[in-house]
Amino acid sequence: VDDGQAAWTAPAGELSYASVQKITLLGRDYLCLLSNSGAHFLEPSTGTPVYDYPFPHQGYRACQAQVIDGDKLLIPAGMGTGTRLVQFASGESGLEAKELWTSLDMKPDYNDILVHDGHIYGFDNAIFACIGLEDGKRRWKGGRYAKGQALLLADSGLIVVVGEKGELVLVRATPEKHEELGRIEALGDKTWN
């Protein structure tokens with residue numbers, strides 16, 4: 001606000017490196033934050049807690065949740081916890097949630113996952129992988145890029161991976177198999193960006 005004072009504050013779990021993000025779920029806007037205890041939904045204008053979805057993780061969360069088809073939320077977590085797809089509905093007392101699946105075949109640490117044509121691509125710990133959006137089951141696992149990052153080029157059906165050791169890799173976004181199309185040594189040192 002104009003005087004520099006906090007407009008509002010809200011609980012954010014005990015441990016999180018995730019950024020608050022604006023999402024639209026069931027046609028309504030929320031602020032969403034992932035923490036070690038799960039997903040927190042807040043009213044954007046006031047910060048009032050609206051709903052807490054419990055999905056505990058023993059450690060920090062640094063990834064972003066992704067809305068799927070307007071009524072589902074894809075919640076990533078790390079080792080031992082995996083990734084979960086949750087479907088939401090409007091109930092008498094507010095939001096109601098139903099777990100569709102939890103997969104230990106995709107365990108991103110701080111690297112966001114990519115959704116493309118019914119599949120999820122990302123880091124299963126330090127190895128790149130693909131799982132099905134419908135069932136959370138592994139389609140393939142390959143590409144030892146350590147703890148890198150990935151960017152989806154959706155119109156081209158390609159993924160650019162920046163490996164932790166500085167390599168830049170072009171991967172085809174297909175559930176059939178892990179397929180590298182090219183690779184260059186772009187950076188000379190460790191990167192987590």
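**Salt bridges and a buried serine**

Glu164 is buried, at 13% relative accessible area (buried means under 20%, exposed over 50%, partly exposed in between, with a 1.4 Å probe and protein chains only). This is a predicted model, where local features need pLDDT of at least 70, side-chain atom pairs count only at pLDDT 80 or more, and totals for chains, interfaces and linings use all residues. Residues are numbered from 1 along each chain as its sequence is written, and side-chain values use heavy atoms, leaving out hydrogens and water.

**Salt bridges**
- The structure holds 14 salt bridges (a side-chain nitrogen of Lys or Arg within 4 Å of a carboxyl oxygen of Asp or Glu).
- Glu164 pairs with Lys190 in one of them, at 3.6 Å from N to O. The two sit 26 residues apart, with Lys190 in the segment after strand E16 (180-185) and Glu164 in the loop between strands E14 (158-162) and E15 (167-172). Lys190 is exposed, at 53%.
- Arg172 meets Glu179 at 3.2 Å, N to O. Arg172 is partly exposed at 33%, and Glu179 is partly exposed at 24%.
- A network of salt bridges links Asp105, Lys107, Asp124, Arg138 and Lys141.

**Around Ser35**
- Ser35 lies in strand E2 (residues 28-35) (strands, E, are DSSP runs of at least two residues, and helices, H or I, of at least four, numbered from the N terminus).
- Ser35 is buried, with a relative accessible area of 0%.
- Beyond neighbours within four places in sequence, Ser35 is in contact with residues including Ala12, Leu15 and Arg61 (contact means heavy atoms within 4.5 Å).
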